[in-house]
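Subject: Structure handover

Hello,

Please find the structure below. My notes on it follow, for you to read with the structure open.

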Amino acid sequence: MAFLKLVRAEFVRTFLLTFRYPLEFVSGLLLMYLFFFGLFIGARTLVAGGTIISFSLSSFIVSYLMWFFVISALNRYSYSIEVEAQQGILEQIYLNFPRYLFLQYIRAIVDFILGVVFVSLLLTMISFTTGHFLTLDFEASWQAILVVVVSIIGINGFGLIFGGLALMFKRIGQVGSLMQFVFFLLSYLPTEQFSRNVQFGLYFLPLTQGVKLLKLIVIQGENIFSQTNLSLFGGLILNSAAYFCIGSLFFLLCERKAKIDGRLSQY
Amino acid sequence: MNANANKVNKSIAISLKDVCKTYYPLFPWQKSRGVTALRGLNLEVERGTIQTLLGPNGAGKTTTVKIIAGLILPTSGQITFYGNDGVRLRERPRIGAVLEGTRNIYFRLSPLENLYYFGELKGLSTVEIRRQSKELLEEFRLADRARSSVQTLSRGMQQKVAISVALLGDPEILLLDEPTLGLDVESALLIRNKLKTLVNKKGKTIVLTTHQMDLAASISDSVAIIQEGALLVQDSTVNLIDYFKRADFELELSRSDWERVVGDFYSTRFTLEEMSENDLVKVTFHLKNTQEFYVIAYRLAEAKIAFRSLRQVSPTLEEVFLEITRLHKRGATFIERADTNEKENAPASTSMPEAVDKSALRQETKNSTEDKKG
């Protein structure tokens, strides 16, 4: 009950802060839409003859939407900590709800739900502009969502590492921006083209397994619970759980260090 | 363990014992550059009182308040609330705080939205949040702006919203950093009265830091002066002022009467002030002790001088504060006194005023000769 109350409180807060200035939300959506076409046109010019087949476009869209979730999960902790420390709210939150990490988990859930709404709008705009629609049946849809959720949990681990660093250093926006591009690269890695040894190594990287599974579901219509894909999905769960635990632990250590050094309100 | 050691004084809301705090740079190899904010601070705040922390900038006031709030961990020392360990989350009482001026709330949200959000964080039920929000908004005269964005409100209103948020959930202890700084007279008065009501009617314990001596003097039950991370003195405002009361007496009398007796006082230090009305003058005698005034009174009586008013001049809290910090800089230490009779045995001091019965302090000069030279 208390958990649901907190989810509601965070949902209302996020919703109000997002939509109090609707132009900000709309411009964010347009920016992501235009960025997609920037990338799309750039990618087209790299393809011989300037033609891009349906398969590649679907793959491109899936990777792009996945990347959106990734950057949201990656930056949300450090961004919110930076902003709230700057505004002096961080201390007030700590005072009223000392289990701050738990609150951050709730915020991550709320952000993900709002992110799904954002991505749905973005996907609709992209689909109407390109005339290319991703068709998914019910089973494929929930499997895709499952893969996205599990992948994003792992990325949240990274986000928590940046959040912990933000608690101690406050201004780490540039590191976050740099990591966005690293994850951009990871989300577009053509994993299927690598040798078996390299593919084994990719198990340990974040995101790559999630993108690979998502492409199998959305583009090739495969089932993640089939015998061949189950090990891949199991690997993704372990990978995400490990990154999430490491991130949470690191965040708690940074939080303690920030309290010792009196850095919660410093900016 | 001694049975007495287990006895807990529940009338003490907050107790800090030998609390030290050193801020170290982030990296271990820079440890030598640490800055010490508190050096063995001892402070006790009684339940249901307003405790003001005074001190120059960098004295350690904000660090003290944040340690009480649990936002900063002390390097060493002990903090207890009502006798319970103050570090364990479960044993901490409900604490409300406004530590960053008006910046402790979401500026994009309205006062009502802020109250709802922080109410949920505090674990209050929706019904309770609604009831308390309504009460607080009305008490702070914010009801008509309850749905406006906080950033559109005046600074005074923003401060009131921040205090309302801190008061939500009926906290036992309230911590305020400069609560009336930069506010207009009306808003400052409203907040001042509200704080008094909270203590007198609801038994709350308030710890506040301020540089506004008039605020400290008007609402504090106890004043603690902190300098260089250590407590110099902690006592009631009345006692502190009494202790530093000079043997200065102010008389108002007619100019002709004064001119008649002035020759008798050439060996006494006094200042003369012309008064605009009815040819009056104000004479302030600066005496070494109160006994000297009896001699003056006797001479005036002998000359059949009728004076219009007579009062002993009390120092302001600001003057007391400046005097204490000045004495500390000159090497004086202040020790809390359990028994006023100890005063008789206290080492001689040239810089402190004469002993006053109400005093709870004793001063020892580390270097009385240096003091004498001064």
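In chain A of this predicted model, 80% of the contacts with a separation of 6 or more are between residues 24 or more positions apart. Chain A has 10 helices and 0 strands, so its elements, read from the N terminus, run α-α-α-α-α-α-α-α-α-α.

On overall dimensions, the C-alpha atoms of chain A fill a box of roughly 60 × 45 × 40 Å along the principal axes. Of the 267 residues in chain A, 37% are buried.

Next, the contact between the chains. Chain A gives 26 residues to it and chain B gives 29 residues. On the side of chain A that touches chain B, helix 1 (2-19), helix 4 (89-96) and helix 10 (227-261) each supply at least two residues. That side of chain A consists of 14 nonpolar, 6 polar and 6 charged residues.

Finally, two residues of chain B to look at. Most residues other than glycine have a negative phi. Arg141(B) is not a glycine, yet its phi is positive, near 55 degrees. Arg141(B) sits in the loop between helix 4 (126-139) and helix 5 (155-167) of chain B. Glu178(B), also not a glycine, has a positive phi of about 50 degrees, and is found in the loop between strand 7 (173-177) and helix 6 (185-202) of chain B.

Are these two residues buried or exposed? Arg141(B) counts as partly exposed because it has 13 C-beta neighbours inside 10 Å. Glu178(B) has 20 other C-beta atoms within 10 Å and is therefore buried.

Regards

Methods: Residues numbered from 1 in each chain as written. Chains lettered and ligands numbered in written order. Predicted model: local features only at pLDDT ≥ 70, side-chain atom pairs only at ≥ 80, totals over all residues. Contact = placed C-beta atoms within 7 Å. Helix = DSSP H or I, 4+ residues; strand = E, 2+ residues; numbered from the N terminus. Nonpolar A, V, L, I, M, F, W, Y, C, P; charged D, E, K, R; others polar. Buried ≥ 20, exposed ≤ 12 C-beta atoms within 10 Å, placed from the backbone.
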